[in-house]
Amino acid sequence: MTEAVTVLYTAHGKATGGREGTASAGNQNLKLSTPKELGGAGGDGTNPEELFAMGYAACFIGALKAVGAGQKIAVPADTHIESSVGIGKISHGFGITVELKISLPGLAPDVADKLISDAHQVCPYSNATRGNIDVKLSRV
């Protein structure tokens, strides 16, 4: 059973044509391309894994800021996350992995590590993926 969510905001998106089509949300209209590694032609479009990587990174920074504010820790303005989303075969289809390399310049390592750990407990992406996919967090 999942916990009920009190919805504060709902995003809407649309995809047409699958991995070789288009996707749109808000004022974004994106061309999609399947990577060569997945049997596609590659190309200059984006793909669902890249979109997920960007979304998770941005959301996690938001969680760092929210947790930091509650703990009276100023999250550095130049905080950034390099995110990687892997896709591959599992026994019944395909699965993904996530790696977040988190940079919190100027914070003491122990403070940064605790902030990362606490943010991982409140980030919506972390909560959505917990127990479903392998998520690796590292401070860089």
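1. A polar contact is a pair of N or O atoms within 3.5 Å. Keep that cut-off in mind for the cap described next. Note also that this is a predicted model.

2. Start at the N-terminal end of helix H1, which Asn 47 caps. A side-chain oxygen of Asn 47 lies 3.0 Å from the backbone nitrogen of Glu 49. That distance is within the cut-off of 3.5 Å.

3. Now check the length of H1. The helix covers residues 48–70, which makes 23 residues.

4. Which residues of H1 are buried? Among them are Glu 49, Ala 53, Tyr 56, Cys 59, Phe 60, Ile 61, Leu 64 and Val 67. The buried residues of H1 pack against strands S4 (80–90), S5 (93–103) and S6. They also pack against helices H2 (109–122) and H3 (124–129).

5. After H1 comes Lys 72. Its phi is positive, near 60°.

6. Turn to strand S6, residues 134–139, where Arg 139 sits.

7. What does Arg 139 touch, leaving out residues up to four places away in sequence? The contacts are Ile 102, Pro 109, Ala 112, Asp 113 and Ile 116. With Asp 113 there is a side-chain polar contact of 2.6 Å.

8. Arg 19 is 120 residues from Arg 139 in sequence. Their C-alpha atoms are 32 Å apart in space.

Conventions: Residues numbered from 1 in each chain as written. Predicted model: local features only at pLDDT ≥ 70, side-chain atom pairs only at ≥ 80, totals over all residues. Heavy atoms only, no water. Helix = DSSP H or I, 4+ residues; strand = E, 2+ residues; numbered from the N terminus. Contact = heavy atoms within 4.5 Å. Polar contact = N/O pair within 3.5 Å; in protein donor to acceptor, adjacent residues only side chain to side chain. Expected span 1.5 Å × (residues − 1). Buried < 20%, exposed > 50% of the residue type's maximum accessible area, 1.4 Å probe, protein only.
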